[in-house]
Amino acid sequence: MSNLTIESAKNHPVFNQVLNALITNRFYSELQIEKEKVIIEKDILDKSIWLASIISTSTEEEDKYLSSVFGIALFLEYDSQEYRKTAYIILSRSGNLIASRFFKELMTINSITGNLLFNISFGTIMDFELGSKIALNEIESGNGKILGSDYQKHLWNVLTKTNYNTAISAPTSAGKSFIIQNYIRQTFLNKDSFYVVYIVPTRALISQVSEDFKKILGNDVSINTAFIEKENRDKGQFTNKEIFILTPERTLKLMQYSYENDFSPDLIFIDEVQNIEDDGNRGFLFEYLINEIETYWFRSRKVIAGPFLDNPDVLLKLMFKEVSENLKTMFSPVFQLKISFKPSKNNNSITSKIFFQEKLINTIEVPIDFDYGKDVVQNKLKTTVKILLRFGDKSKNIIYLPKANYVEDFAIYLAKSKNNDDKKFILSNEILELIDLIKEEIHSDYYLIDTLKVKSAFHHGKLPEIIRGELEYLFANGYLDNIICTSTLVEGVNLPAEKVFIPYPKKDGNDLSKFEFGNIVGRAGRIRDALTGTIICLEKNDEDWAEEFFENEPDKEITPAINKILKYPINELIAALNQPLDANNKKNEFGVIFLKLKYLKGEQNLIDYLNNKNVDEDSINLIVENLSERLKGIKIPSELVKLNPSIDPELQNELYLKIKNEGIEKWVFHDHKNFYARWKKEILITKSHEESNFYGQLKNILFKLDEVFDFNNEAYFKHDISRSLSQMVFYATLWLDNRGFKELIIREISFNADKKGIIDKENKNDINKTIKEVIKVYSSIISYVLVKYTKLLSDILKFILNEEELEKHKLSISLPTMLELGTSNTLVLLLISKGISRSIAIKIYKLIPEEEAENPIEWLSKQKELKIKNIYNKYLKRKGFLLLDNNE
């Protein structure tokens with residue numbers, strides 16, 4: 001078709017009239033108001049179908065999306081075979097072949113081979129066209145095939161038929177992660193040796209991605225969620241096929257291994273790459289890692305991905321100074337219905353606005369049985385519960401909220417409202433087992449249990465990994481109706497839903513950006529489960545944020561955090577470089593650390609870097625001059641300071657000099673016959689460091705580190721946690737001793753109630769407040785803050801000790817890894833590093849025969865079940881660690 005013909009079809013009033021009517025009817029269907037639907041005359045509908053088929057032949061992505069939406073709406077609103085066939089033809093021409101799985105009356109897809117067979121004929125010519133298109137879009141998957149969209153097939157061809165670096169930008173629902181994971185799978189199948197580093201922004205994503213890979217790779221590939229260097233180097237560090245699924249922090253540990261060993265991955269994949277512009281530690285750590293990859297892993301193929309990136313290839317070149325294939329698309333195989341609710345003049349209705357392609361296409365008054373305008377002003381959370389119960393009672397929903405306390409408050413309101421209906425909920429065995437798990441792992445009075453009893457759950461970053469993973473599994477498989485989330489939703493966690501409800505345009509206390517909003521609404525509808533997704537925004541009378549978001553594209557040009565800092569007025573930057581080390585809230589703290597690290601690699605290194613960032617010569621001279629003066633007393637070797645890019649080099653230097661001047665004796669553990677004895681305070685204070693037990697020596701080491709780094713200050717000002725250093729030591733000791741969260745929580749409740757008298761241990765609210773505090777302490781302080789500084793100590797010790805001393809003090813060297821993963825047991829560490837949650841690892845390690853301790857994953861893979869609770873066995877089977885029964 002000519003461009004003129006396609007343009008005429010797009011602008012034809014009949015096409016637009018019918019498309020708007022189909023979308024409006026979809027609105028009525030989704031909101032369960034079927035009787036109000038717009039009647040479309042058959043001759044008008046047939047003419048619009050003809051126009052849609054013309055538009056579908058366009059080569060322009062926007063046109064193909066337009067015709068795809070028409071095809072989806074036609075399929076959903078008309079169930080006659082004639083219109084189903086027509087809808088399929090339009091979707092096929094639009095490149096949306098992923099939708100084929102929903103046309104079950106027209107075709108059969110072989111579940112093993114993936115081959116598609118039509119049950120009916122479309123006519124000779126159309127059969128040839130549709131069959132050819134299927135053949136063109138087939139993608140290898142294991143021993144079978146899958147059907148991909150045009151974008152997925154293009155991405156597949158670039159990944160498999162070239163070795164180019166690849167920069168990917170696609171909506172959340174476009175299926176990019178599936179294709180990348182399938183490419184990695186096929187490459188492992190086809191190569192004798194292959195190494196992958198798969199970088200994700202959060203630990204929550206590590207768990208999800210490792211589970212995905214375990215399903216498709218099985219035991220043929222070593223899957224690692226942390227890097228632990230083997231003590232016995234004669235046995236070799238790696239097998240021939242390894243994948244590391246790591247956060248940037250954990251990737252730096254693997255990078256550290258490369259400094260002294262010849263290791264470079266074949267493929268580096270960076271997911272959610274937009275995090276490089278984060279103004280906090282994450283963005284600068286990302287930038288530092290990128291620089292190290294550029295230097296040490298320069299031979300690796302780089303693939304980056306994120307949603308709505310404006311120029312992904314430009315970003316990759318900015319990061320690695322390398323060219324790449326630009327695979328950007330805005331095409332989504334799912335149609336999203338975008339709706340805003342506002343108060344109406346009528347107390348018994350709400351004003352609903354429908355948006356499509358950044359335009360308002362309809363405004364409809366929807367009847368409700370409460371005064372939305374009044375209620376939304378008084379309490380928006382409770383009003384959102386009412387809206388959810390009215391318009392989401394037959395769908396799987398995500399409710400996005402800006403803060404963890406909002407999430408738990410909403411969950412409480414929802415549970416109370418559902419229980420007030422006197423409706424009996426029939427809970428699946430899976431939900432009942434999860435409730436039992438929470439009682440065993442957390443506490444029997446945890447609010448999450450009340451929420452689960454009404455087939456709902458809350459989800460945020462501070463939940464223990466095993467609980468969070470089980471919630472995601474139950475929601476993804478239809479056992480739960482609602483998930484109430486924080487910004488973990490934005491950070492890549494794969495939780496697709498039929499509807500997404502958004503009452504607040506915030507993330508923590510800040511306004512959502514267009515980009516962040518686009519990423520949230522991307523969770524509405526995934527092609528695996530449905531052809532549509534619905535977004536409902538709840539506004540007050542004086543709010544217009546939903547319209548602003550819906551009428552603007554979320555496309556974004558990503559600017560690395562350091563680039564933003566370098567654009568500040570030079571006097572601000574110089575002031576930041578010279579601020580005192582003991583300031584409570586340092587301005588641009590991590591940008592300053594980054595520049596100091598660059599300078600310590602060599603003055604010329606920094607000058608070249610700033611020139612590459614297009615900083616003017618006068619500013620470069622000022623930055624270098626100030627850093628030269630500030631850092632003139634630094635004695636710590638540059639090869640040591642680079643190992644800990646989150647810590648100010650001046651503070652690193654202070655610790656290094658203290659250890660050099662004092663000697664190592666007070667900075668390491670000393671084993672003896674009473675090392676693991678339990679002593680009272682009266683005995684502990686009589687012991688020297690070398691004579692003390694493990695607790696006493698750990699306390700001494702952490703107190704000495706605190707003299708330099710002030711843990712209390714960091715805990716309070718950066719993590720909003722108030723705990724004494726002695727408490728931190730006690731928590732850390734329990735953590736390393738394989739204590740579960742439930743024991744830690746009960747101890748804290750008893751201490752606060754019986755000893756301090758500040759809570760009532762029978763009060764459910766007090767109990768839940770304590771649960772949140774304990775989980776936060778362990779996730780933020782023990783496994784992050786303490787890890788950060790003990791790793792620096794470990795690196796300094798490794799640098800100055802000889803081989804004999806390293807062997808003697810290996811416990812001291814391993815301390816940061818043990819604190820991060822939550823155990824001092826070598827076997828438990830290995831199990832966790834292979835993707836098994838800490839909660840389960842500390843339950844099963846004693847069941848593994850001693851002779852199998854070097855390769856416990858292989859031993860587990862031969863077991864049908866272990867002598868543990870059923871839900872733990874199910875977890876291990878689902879994750880691919882245990883042998884499946886023949887009927888599973």
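Biologist: Which strands does helix α14 lie across, and at what angle does α14 run to β18?

Modeller: This is a predicted model. In it, helix α14 (residues 380-391) lies across β12, β13 (349-356), β14, β15 (397-400), β17 (482-485), β18 (499-502) and β21. The direction of α14 is at about 160 degrees to β18. Helix α15 (residues 404-420) also packs on the sheet, where α15 touches β15, β16 and β17. The angle between α15 and β17 is about 155 degrees.

Biologist: What is the strand order of the open sheet?

Modeller: The order of the 8 strands is β14-β13-β12-β21-β18-β15-β17-β16, and the pairing is mixed. At the edges are β14 (359-367) and β16 (456-459), each of which pairs on one side only. From one strand to the next, the twist averages 20 degrees.

Biologist: How should I read the side chains along a strand, and which residue of β21 stands opposite S340?

Modeller: As a general idea, side chains in a regular strand alternate between the two faces of the sheet. Here, strand β12 (residues 335-343) runs parallel to strand β21 (residues 532-538), and 7 bridges join them. Opposite S340 stands C537 in β21.

Biologist: How many residues lie between the strands in the hairpin of β3 and β4?

Modeller: There are 2 residues between the strands, and G142 in this hairpin has a positive phi near 65 degrees. Strand β3 (residues 138-141) pairs with strand β4 (residues 144-147) in the antiparallel sense, over 4 bridges. I139 has I146 in β4 as its bridge partner.

Biologist: Now the helix pairs. How are α22 and α23 oriented to each other?

Modeller: Two packed helices are described by the angle and the distance between their axes. For helix α22 (residues 570-577) and helix α23 (residues 589-600), the axes come within 9 Å and cross at roughly 80 degrees. The two helices, α22 and α23, are therefore roughly perpendicular to each other. In the contact, L573, A576 and L577 of α22 meet V592, L595 and K596 of α23. By class, the contact of α22 with α23 has 5 nonpolar residues, no polar residues and 1 charged residue.

Biologist: At what angle do the axes of α23 and α24 cross?

Modeller: They cross at roughly 125 degrees, and the axes of α23 and helix α24 (residues 603-612) come within 5 Å. That angle makes α23 oblique to α24. From α23, the contact takes in F594, L595, K598 and Y599; from α24, E603, N605, L606, Y609 and L610. The residues of the contact of α23 with α24 divide into 6 nonpolar, 1 polar and 2 charged.

Note on methods:
Residues numbered from 1 in each chain as written. Predicted model: local features only at pLDDT ≥ 70, side-chain atom pairs only at ≥ 80, totals over all residues. Heavy atoms only, no water. Pairing = 2+ DSSP bridges. Axes fitted to C-alpha atoms, helices over the stretch in contact; angles between N-to-C directions. Contact = heavy atoms within 4.5 Å. Parallel < 35°, antiparallel > 145°, perpendicular 65-115°, else oblique. Nonpolar A, V, L, I, M, F, W, Y, C, P; charged D, E, K, R; others polar.
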